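Try each one before reading its solution.

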2 protein chains.
Amino acid sequence: MVKTAGEFTIGGLSERTGVNIETIRYYEKTGVMPNPPRTSGGYRMYRKDHLNRLRFIRRCRQLGFAMAEIQALLGLVDASAYTCSEVQALTLEHATMVKQKIRDLKRLEKTLRGIASQCTGEKVPECPIIDALLDPKDQLALQA
Amino acid sequence: MVKTAGEFTIGGLSERTGVNIETIRYYEKTGVMPNPPRTSGGYRMYRKDHLNRLRFIRRCRQLGFAMAEIQALLGLVDASAYTCSEVQALTLEHATMVKQKIRDLKRLEKTLRGIASQCTGEKVPECPIIDALLDPKDQLALQA
DNA sequence: TATAGAACCTGTAGCCACTACAGGGTCAAG
DNA sequence: CTTGACCCTGTAGTGGCTACAGGTTCTATA
């Protein structure tokens, strides 16, 4: 294995990014990471640009972007075919979806606390939560 | 097919609950719904108690409970082995997890809007979002 | 009674984004 | 020249469904 300075194996890439080795190979298979050059023994060898790209992907994931969205974004980047307004629109669209999810979860939490507050909290086999969930007439507790 | 009053096929159950036929069969396979009696031709026949149980499951799902949690809850119900305080605790624990998720998503939305606000919004191939995501030095934008 | 078509059956594969093996090959150090 | 860390490919599993394919059963009409 001839190891040039600034090159590293998949293990090195994994360490530097905190991304699982299996995940890196998975990204390669799905095409979001490029096929890296190989050593004579078949080992993948990575450079700085791979590192940056993988970090980009991870950050997007942390921001909740789906892989397909990241694919699209990277496609634009690879082709240098994006504009700032495009990327901004995509980001804000995503933010709006996140906002919607927050709204839904807030309603959900309220409902949960609401039905829990009806409990006596006693150690008896009678519980308004179970009753509310089992009784087809008592729908009130679950209307958000 | 001998159809007693108050009995219905899987299609009827699907209609009454809004749950997909495939999903009902899936619930049966995983054990969260019981094996219903069959007609001579092999058709599943359901009654009111199946309906209630399926509605219970759906409501729990809408409340964000995982199938395993629902399994556990129904196990207690089936054995009449639950107490009100147990169920309350489970519900509140779940509510707390939902709250945590809301916190995470709020931070996420803030980050997204923050990086989007740096955009010029112009139709040029230069974008601070892409720059921030690609540049290994500029980590600031993503720290929540 | 024949037949069309709706509804049902089982079993398998796909979705997403990974993760976890099994069963092997390659490398550096002692 | 052996040990053991690292790497390789390929497959299967996760959760909670959904979507077929290819077949059977029922119901309504001619």
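**Exercise 1. Find the residues that surround DNA strand D, and say which elements they come from.**

Solution. This is a predicted model, so we're reading computed positions. Start with the count: 24 residues surround DNA strand D. Next, pick out the closest ones, which are A:Thr9, A:Gly11 and A:Arg44 from one chain, plus B:Gly41 and B:Met67 from the other. Now look at the elements giving two or more residues to this surface: chain A brings α1 (10-17) and α2 (21-30), while chain B brings α2 (21-30) and α4 (67-78). Last, sort by class: 9 nonpolar, 10 polar and 5 charged residues.

**Exercise 2. Work out how chain B is related to chain A.**

Solution. Superpose chain B on chain A: that takes a rotation of 180° with 0.0 Å of shift along the axis, and the RMSD is 0.1 Å. The two copies are therefore related as by a two-fold rotation axis. As for the contact surface, both copies use the same one, with 100% of the contact residues of chain B recurring in chain A. To locate the axis, go to B:Ile102: its C-alpha lies 2.9 Å away, the closest approach of any chain B residue.

Conventions:
Residues numbered from 1 in each chain as written. Chains lettered and ligands numbered in written order. Predicted model: local features only at pLDDT ≥ 70, side-chain atom pairs only at ≥ 80, totals over all residues. Least-squares fit on C-alpha atoms with pLDDT ≥ 70 in both. Contact = placed C-beta atoms within 7 Å. Near = placed C-beta within 6 Å. Helix = DSSP H or I, 4+ residues; strand = E, 2+ residues; numbered from the N terminus. Nonpolar A, V, L, I, M, F, W, Y, C, P; charged D, E, K, R; others polar.
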